[in-house]
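Work through the following exercises on side-chain contacts with the model open. Each task is followed by a solution in steps.

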Amino acid sequence: WQTIFDDDLPQESADVSVSLTATPQVVDVQQPVRVVAVVANGSVGEATTVVFSGLDAIVSSHTIDSVAPSQGTCEPIVARSPVRCTLGTLPAGSAATIEIVARPTASVFQGPSRLTADVTVNALVGADEPDPSPTNNAASVVFQVRRLVADLSLTASLSDAQVTEGGTSTATLRVLNDGPDTASGTVRVALPTTSAVVGAAPGYDPATQIWTFGPVPSGVAAT
């Protein structure tokens, strides 16, 4: 007779794959983007200990609102590290999803550079079983982040350009937003050291001499 050991038996394989989608394809800074990973088992047998990892481009440049796997668990988000999810067992022909909702961080994408920036998101998936088609174990998707743009103009006027000692004059500042996006910001009002503020509109801090305005929609002025 012949003794057959487990190592001599044909080992079952599992064709696991991953695909990615991003919605919307163009997202404004600080607005949500939804990335969905679909992990599928295309083999005739089950895939065990399925592990998903990736999306590190989002973690490093976005504020993460949620990470939701349809099965299994995802590890806590760590800055500049990939998202890692243990999905457990996938029966033959089944699939699991991981949905991440995030918002592009203004400090990363706002600035005087290009109006849009590409974000390339990558993902990998694997299982305990050998994979006969490893080329579909990786996927990527690209979406664009659009930085906000606003054409602002500032005008200032005084109710009385010549003021006697102890008198008052009202300074009026007007910020016009010619768009295209809604704007918020600050204006520093440099007053002479010999003058003092006796009253101010909301948003002005006499201690710092800074007026904070906004949000101001396109085509609207703040005073």
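**Exercise 1.** Classify Asp28 as buried, partly exposed or exposed, and state which residue forms a salt bridge with Asp28.

Solution. The model is a predicted one.
Step 1: Asp28 has a relative accessible area of 25%. Buried requires under 20% and exposed requires over 50%, so Asp28 is partly exposed.
Step 2: The partner of Asp28 is Arg146, with the closest N and O atoms 2.8 Å apart. The cut-off for a salt bridge is 4 Å.
Step 3: Asp28 belongs to strand β2 (residues 26-28) and Arg146 to strand β10 (residues 138-146), so the bridge ties together parts that are 118 residues apart in sequence.
Step 4: Arg146 has a relative accessible area of 23% and is therefore partly exposed.

**Exercise 2.** Find which residues are joined with Arg146 into one network of salt bridges.

Solution. 
Step 1: Arg146 also forms a salt bridge with Asp181, and here the closest N and O atoms are 2.9 Å apart.
Step 2: Asp181 sits in the loop between β12 (171-180) and β13 (183-188), while Arg146 is in strand β10, so this pair ties together parts that are 35 residues apart in sequence.
Step 3: With a relative accessible area of 11%, Asp181 is buried.
Step 4: Through shared partners, Asp28, Arg146 and Asp181 form one network. The whole structure holds five salt bridges.

**Exercise 3.** Locate the disulfide and determine its handedness.

Solution. 
Step 1: There is one disulfide in the structure. Its cysteines are Cys74 and Cys85, with an S to S distance of 1.9 Å.
Step 2: Cys74 is in strand β6 (residues 73-74) and Cys85 in strand β7 (residues 83-90), so the pair ties together parts that are eleven residues apart in sequence.
Step 3: The torsion about the S-S bond is about 100 degrees, so the disulfide is right-handed.
Step 4: Cys74 is partly exposed at 23% relative accessible area, whereas Cys85 is buried at 0%.

**Exercise 4.** Classify the geometry of the aromatic pair formed by Trp211 and Phe213.

Solution. 
Step 1: One aromatic pair is present. The ring centres of Trp211 and Phe213 are 5.5 Å apart, and the planes stand at 45 degrees, so the pair is tilted.
Step 2: Trp211 and Phe213 are both buried.

Note on methods:
Residues numbered from 1 in each chain as written. Predicted model: local features only at pLDDT ≥ 70, side-chain atom pairs only at ≥ 80, totals over all residues. Heavy atoms only, no water. Disulfide = S-S within 2.5 Å. Helix = DSSP H or I, 4+ residues; strand = E, 2+ residues; numbered from the N terminus. Buried < 20%, exposed > 50% of the residue type's maximum accessible area, 1.4 Å probe, protein only. Phe/Tyr/Trp six-rings, centres within 6.5 Å; stacked < 30°, edge-to-face > 60°. Salt bridge = Lys/Arg side-chain N within 4 Å of Asp/Glu carboxyl O.
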